[in-house]
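Biologist: I have a new model on my screen and would like to learn how to read it. Could you take me through it step by step?

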Amino acid sequence: MSDEDVRSLLHQRRCAEAFDLLLNRYQGKVFRLVYSILKEAARAEEVTQDVFLKMWQVLPDYDGRASISTWLYTITRNTSLAALRADSYRQTVPIADHDPPAARWEAGPRQIEIKQLVERLPGVQQQVITLFYLQEHSVEDVAYMLDLPEGTVKSHLHRARRALADMIRR
Amino acid sequence: MYCHEMQERLLESFEGDLFPLEKGQLERHLSQCVECTRFAALQSQLDLRLREEIAAPQLSSGFRSGLQARIRRQRREPWPDWLPDVAHLTGSGVAIGLCAVLLPLPVPVVLGAGILVAFLAYSLQTLLVSAVEGQIE
């Protein structure tokens, strides 16, 4: 199954089948991209549903200019960032009760330390290194999902690895 | 300078296989450079921990059914979009007509006042609907 099959189904106005194919192919990737931004599985799942619901609404209007995956990842990034903003507005807990950043990851005690270190990286490095490990170490996938050149992804990865090593050494 | 280059090559090795020539150069350098050997050990340890600890969560078994339910809810539009407008205008027309017949006032005055009130109510309703929809989005 390729994006070409989805295009062909859309061309024949078989939107429901096209949507099913998209869901089968991309639900995991979309979920991981959302998770890399929101860092909480339950919320990421909810936002993944929002993404596919939007996709379902706009799929009949797809004009074929951009690739379907580029379109889907753009919707995913925008929806996740909007959810992140909405969540941060809703968080009105007093500072003293607020968990440290690393606690936002769903993690056991042993995982806290490395994730705390990752949380100290600049935003884009955090996202790139997280997605790299979530996406089974594919620079190509990460570049595509974040709409960045592969060279830029590699450069962020290298900086992140050096920074993490420095933090561990200290 | 050479160490930095070798360290970059080492970092690239975590993203995929190096060419045999590059791999050979890196291994030779590591066998001679204590600093880069330490760097390599630390990076390998870091890579291992990141692999272990940044694990992809799985979508729950209810993901698909939840999405399908939300899609069904969207599909089910109980009222057509134009229905509230038609209901409002019909109701206003009937009310104005009754007032014109029953009230002991000149008909043009009742009609004028009725149309004005109906227009104001319609404008308020439109404002309210767009405010609520804006909040939902």
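Modeller: Let's go from the numbering to the fold, and then to the place where the chains touch. This is a predicted model, in which local features need pLDDT of at least 70 and side-chain atom pairs count only at pLDDT 80 or more, while totals for chains, interfaces and linings use all residues. Residues are numbered from 1 along each chain as its sequence is written, and chains are lettered from A in the order in which they are written.

Biologist: How many helices and strands are there in chain A?

Modeller: Helices (H or I, at least four residues) and strands (E, at least two) are DSSP runs, numbered from the N terminus. Chain A has 8 helices and 0 strands.

Biologist: What percentage of chain A is buried?

Modeller: A residue is buried if 20 or more other C-beta atoms, placed from the backbone, lie within 10 Å of its own. In chain A, 32% of the 170 residues are buried.

Biologist: How many residues of chain A are in contact with chain B?

Modeller: Two residues are in contact if their C-beta atoms, placed from the backbone, lie within 7 Å. Here 25 residues of chain A contact 20 residues of chain B. On chain A's side, α8(A) gives the largest share, 7 residues.

Biologist: How confident is the predictor in chain B?

Modeller: pLDDT is the predictor's confidence in each residue, from 0 to 100. Chain B has a mean pLDDT of 85, with 91% of its residues at 70 or more. The model also scores ipTM 0.74 and pTM 0.69. Where pLDDT is low, the predicted coordinates should not be read in detail.

Technical notes:
A residue is buried if 20 or more other C-beta atoms lie within 10 Å of its own, exposed if 12 or fewer, and partly exposed in between; C-beta atoms are placed from the backbone.
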